[in-house]
Amino acid sequence: MKAETHPDYHFITVKMTDGTEYQTKSTWGKEGDVMSLDIDPTSHPAWTGGNARLMDTGGRVSKFKNKYAGLGF
C-alpha cells in the first residue's frame, strides 16, 4: 500500500440544531473542531414527518401546475 494515501481521520464534535453535541471520527476539519449543523434529523421534515412548504417566487409553482395540468399529476 502506498504511504500517505489516506486522509487524516480524527475526532470532531458535532453540534446539533437543538444544542446537543456528540463526538465522532471524521476527515472534516482538524482534531477538536466543532461542526455546527443547520439541519439534522431532529429538525428536518424528511425525518420528523412534518410538512414541507413550497415558496412560490414569482408564481413559478402555479405556472408549472397550469402548464402540466392535463397530464394528471
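Before the strands, a definition: a strand here is a DSSP run of E of at least two residues, numbered from the N terminus, and two strands pair if DSSP finds at least two bridges between them. Keep in mind that this is a predicted model.

Now the sheet. Three strands form an open sheet, in the order E2-E1-E3, with mixed pairing. Which strands stand at the edges? They are E2, residues 21-26, and E3, residues 34-36. Each has a single partner strand, so one side of each is left without a neighbour in the sheet. On average, neighbouring strands of this sheet are turned by 35° against each other, direction ignored.

Next, the two pairings. Strand E1, residues 10-15, pairs with E2 in the antiparallel sense, over six bridges. Lys-15 has Glu-21 in E2 as its bridge partner. The hairpin of E1 and E2 has five residues between the strands, and Gly-19 there takes a positive phi near 100°. With E3, E1 pairs in the parallel sense, over three bridges.

Last, the rings. How many aromatic pairs are there, counting ring centres within 6.5 Å? The count comes to one. The pair is Phe-64 and Tyr-68, with ring centres 4.9 Å apart and planes at 50°, so the pair is tilted. Tyr-68 has a relative accessible area of 30%, so Tyr-68 is partly exposed.

Definitions and conventions:
Residues numbered from 1 in each chain as written. Predicted model: local features only at pLDDT ≥ 70, side-chain atom pairs only at ≥ 80, totals over all residues. Heavy atoms only, no water. Phe/Tyr/Trp six-rings, centres within 6.5 Å; stacked < 30°, edge-to-face > 60°. Buried < 20%, exposed > 50% of the residue type's maximum accessible area, 1.4 Å probe, protein only. Helix = DSSP H or I, 4+ residues; strand = E, 2+ residues; numbered from the N terminus. Axes fitted to C-alpha atoms, helices over the stretch in contact; angles between N-to-C directions.
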